[in-house]
Amino acid sequence: MGLPEERGRSSSGSRGQEEAGAGGRARSWSPPPEVSRSAHVPSLQRYRELHRRSVEEPREFWGDIAKEFYWKTPCPGPFLQYNFDVTKGKIFIEWMKGATTNICYNVLDRNVYEKKIGDKVAFYWEGNEPGETTQITYHELLVQVCQFSNVLRKQGIQKGDRVAIYMPMIPELVVAMLACARLGALHSIVFAGFSAESLCERILDSGCSLLITTDAFYRGEKLVNLKELADEALEKCQEKGFPVRCCIVVKHLGRAELGMGDSPSQSPPIKRPCPDVQIPWNQGVDLWWHELMQEAGDECEPEWYDAEDPLFILYTSGSTGKPKGVVHTAGGYMLYVATTFKYVFDFHAEDVFWCTADIGWITGHSYVTYGPLANGATSVLFEGIPTYPDVSRLWSIVDKYKVTKFYTAPTAIRLLMKYGDEPVTKHSRASLQVLGTVGEPINPEAWLWYHRVVGAQRCPIVDTFWQTETGGHMLTPLPGATPMKPVASFLFLAPAILNESGEELEGEAEGYLVFKQPWPGIMRTVYGNHERFETTYFKKFPGYYVTGDGCRRDQDGYYWITGRIDDMLNVSGHLLSTAEVESALVEHEAVAEAAVVGHPHPVKGECLYCFVTLCDGHTFSPTLTEELKKQIREKIGPIATPDYIQNAPGLPKTRSGKIMRRVLRKIAQNDRDLGDTSTVADPSVISHLFSHRCLTTQ
């Protein structure tokens with residue numbers, strides 16, 4: 001939960017336009033002089049040397065970093081082998097293949113027994129209610145992970161098995177994912193805001209044999225009965241011939257009756273009674289987490305696995321409408337998230353780090369769990385939302401835990417901007433040293449407010465561009481080393497900009513953002529569909545990893561992300577496939593055809609504007625509109641609920657029948673500068689849609 005985050009792809013870096021809208025051309029933007037000065041020239045020189053080595057000597061650069069981690073057996077052969085060119089054979093990336101390790105051992109056992117920081121707080125947990133708090137040390141976390149690893153082993157989970165996790169932001173979520181990593185089982189975490197249908201789809205695709213969930217939780221004032229949704233998903237799996245044999249349930253809202261409030265390593269009793277919540281129970285399938293843990297031993301030998309063995313699957317939207325199971329492997333991912341966390345946030349041992357992302361997204365995997373723990377960091381784990389119980393909640397938490405490094409989404413910044421400066425400035429925030437943004441482009445107004453008000457004009461901002469597929473930060477300024485703009489500079493990588501013909505562009509340029517060589521954190525495949533992996537990321541421009549994002553490089557060498565090139569929408573940082581939403585709409589009996597485009601939104605950045613063509617005999621009405629919104633919420637989740645649905649007796653199409661979404665975006669924004677429409681089969685359709693468009697706020 002936490003704050004709105006990216007759906008699958010984390011894609012920040014600024015578009016550089018003042019809300020020019022989807023597909024708008026990026027304009028240059030200059031920060032005030034006091035922001036753009038580099039504070040530490042030696043740091044900049046050091047960074048340039050690090051970057052040079054990472055690009056020119058990647059094997060040596062990452063080989064030195066690998067020495068900081070524990071390997072049961074060393075790499076027996078080449079440190080790096082890869083092929084990015086589909087014309088030369090199968091795409092593959094192998095870092096340290098043959099070396100064996102365990103990421104859970106590296107982030108917990110070594111911190112406790114070698115680095116002697118067992119008594120250091122790993123997480124401060126802040127619940128939905130301000131009074132719900134606890135903390136867990138590295139030693140306590142290790143004990144709980146070992147216990148739950150033993151629980152999973154007793155349930156038959158072993159190396160290579162897939163485990164689905166569907167939970168809110170509570171400590172048990174971290175325990176569950178690390179226990180999977182300890183055993184070599186792949187965790188597939190599904191954001192607790194997704195629907196039962198979405199959960200079912202992911203369980204089926206990855207063949208999960210066990211589900212871990214929670215009874216229920218509050219998100220602000222809203223009660224979410226997660227167990228009901230989990231049961232609905234498992235019922236759908238059963239109907240499709242794939243029964244899940246075991247569901248482990250955390251008693252989150254019922255902690256008071258368990259008497260767990262006195263233990264520092266357990267969450268406290270709930271502050272809000274909920275006697276009317278009925279938790280459904282399936283005998284023979286459901287098991288209580290707390291009962292299993294009481295019987296489990298607190299020591300568990302880790303499973304040693306190859307650096308190239310898969311660590312987890314995380315689903316991200318696909319342009320075909322079917323989510324892609326992004327696969328990350330243990331060794332390279334461990335190196336990459338640990339290193340990017342260390343440098344991007346200028347980490348020091350005394351820091352208190354807070355990434356507000358939900359662990360259901362890649363940002364939560366990399367910069368709530370694995371990256372901070374690999375560095376022995378203390379982090380804040382936040383279950384709530386930024387506006388509950390009031391709009392100053394984030395800043396009260398910053399002061400409470402003396403947060404030094406704060407990482408959030410532009411959507412949250414724009415949301416809080418609406419309430420003015422006072423909810424921020426009434427709190428000290430004196431501990432803050434570095435601010436970060438993630439999940440989507442940040443507009444200059446939000447960047448300046450974040451710098452001026454939240455950071456009091458003294459905190460550098462790291463505006464990070466990356467994706468679920470990349471595993472960690474790709475383009476970002478570095479605090480104190482890089483002169484700041486709300487844009488991205490390159491990290492340990494070799495980016496390039498290509499034109500439509502696949503030619504690399506030099507100097508100031510705009511085109512496709514690609515990368516020329518692999519990094520340790522890059523995904524290795526799409527689960528169960530390597531052909532889709534090759535087609536999506538490597539086929540368009542052989543020899544390059546294709547991000548799918550447009551990009552402009554300015555005269556200073558900074559990269560401005562101009563938005564998705566394919567049919568994807570970024571709504572409150574959630575990446576949504578237009579095809580997925582359209583598919584959900586046409587499943588309604590009244591809808592014959594649907595087309596979905598993005599529309600600018602003052603808080604979300606982008607919202608959904610849907611055009612629907614009805615079947616004969618059906619009438620467009622407010623009731624139908626609500627039915628369609630409900631259907632999308634059930635099929636995908638509340639994050640995909642459209643802001644606008646317009647009746648479209650016809651859609652603008654080419655003579656070959658292709659829907660012209662470029663024209664639909666213009667109609668949605670009431671922009672009559674349509675450009676070339678000579679290929680539209682029936683121009684009268686456009687006039688009708690303009691005259692009947694929804695009344696929008698922008």
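Biologist: In this predicted model, are K227 and D231 buried or exposed?

Modeller: Both K227 and D231 are buried. A relative accessible area under 20% is what places a residue in that class.

Biologist: What do the side chains of K227 and D231 form?

Modeller: Begin with the general idea: side chains of opposite charge can pair when their charged atoms come close. In this structure, K227 and D231 meet through their side chains in a salt bridge, at 2.9 Å from N to O. Helix α8, residues 226-239, holds both K227 and D231, and they are four residues apart, about one turn of the helix.

Biologist: Which salt bridge involves K635, and where do its two residues lie?

Modeller: K635 pairs with E587, and their closest N and O atoms are 2.9 Å apart. K635 belongs to helix α19 (residues 622-635), whereas E587 sits in the loop between α18 (578-586) and β28 (591-601), so the pair ties together parts that are 48 residues apart in sequence. As for accessibility, K635 is partly exposed, with a relative accessible area of 25%, and E587 is also partly exposed, at 47%.

Biologist: What is the N to O distance in the salt bridge of E56 and R52, and where do these residues lie?

Modeller: The distance is 2.8 Å, N to O, between the side chains of E56 and R52. Both residues lie in helix α2 (residues 41-56), four residues apart, which is about one turn of the helix. E56 is exposed, with a relative accessible area of 55%; R52 is partly exposed, with 29%.

Biologist: Which residues are linked with E56 and R52 in a network of salt bridges?

Modeller: The network links E49, R52, R53, E56, E57, D64 and K67.

Biologist: How many salt bridges does a search of the whole structure find?

Modeller: Such a search finds 27 salt bridges.

Biologist: Let us turn to the nonpolar residues. How many residues has the largest nonpolar core, and which have the most contacts inside it?

Modeller: One reads a core by following buried nonpolar side chains that are joined to one another. Here the largest nonpolar core has 120 residues, and those with the most contacts inside it are L141, F148, L152, I165, L178 and I212. Taking F148 as a case, and leaving aside residues up to four places away in sequence, F148 touches V175, A176, A179, I212, I248, W289 and M293. A second, separate core has 45 residues, including A192, I203, V612 and L628.

Biologist: How do helices α6 and α12 cross, and which residues make the contact?

Modeller: The angle between the axes gives the class of the packing. The axes of helix α6 (residues 171-183) and helix α12 (residues 362-374) come within 12 Å and cross at roughly 60°. The two helices are therefore oblique to each other. Their crossing is right-handed. On α6 the contact is made by V174, M177, L178 and A181, and on α12 by H365, T369, Y370 and L373. L178 is also one of the residues with the most contacts inside the largest nonpolar core.

Biologist: At what angle do helices α20 and α21 pack, and how far apart are their axes?

Modeller: Helix α20 (residues 661-668) packs on helix α21 (residues 684-691) at an angle of about 30°, with axes 9 Å apart. That makes α20 roughly parallel to α21, because angles under 35 degrees count as roughly parallel. The crossing of α20 past α21 is right-handed. V663, L664, K666 and I667 of α20 make the contact with I686, L689 and F690 of α21.

Methods. Residues numbered from 1 in each chain as written. Predicted model: local features only at pLDDT ≥ 70, side-chain atom pairs only at ≥ 80, totals over all residues. Heavy atoms only, no water. Core = buried A, V, L, I, M, F, W, Y, C linked by side-chain atoms within 4.5 Å. Buried < 20%, exposed > 50% of the residue type's maximum accessible area, 1.4 Å probe, protein only. Contact = heavy atoms within 4.5 Å. Salt bridge = Lys/Arg side-chain N within 4 Å of Asp/Glu carboxyl O. Axes fitted to C-alpha atoms, helices over the stretch in contact; angles between N-to-C directions. Parallel < 35°, antiparallel > 145°, perpendicular 65-115°, else oblique. Left-handed = near helix turned anticlockwise from the far one by under 90°.
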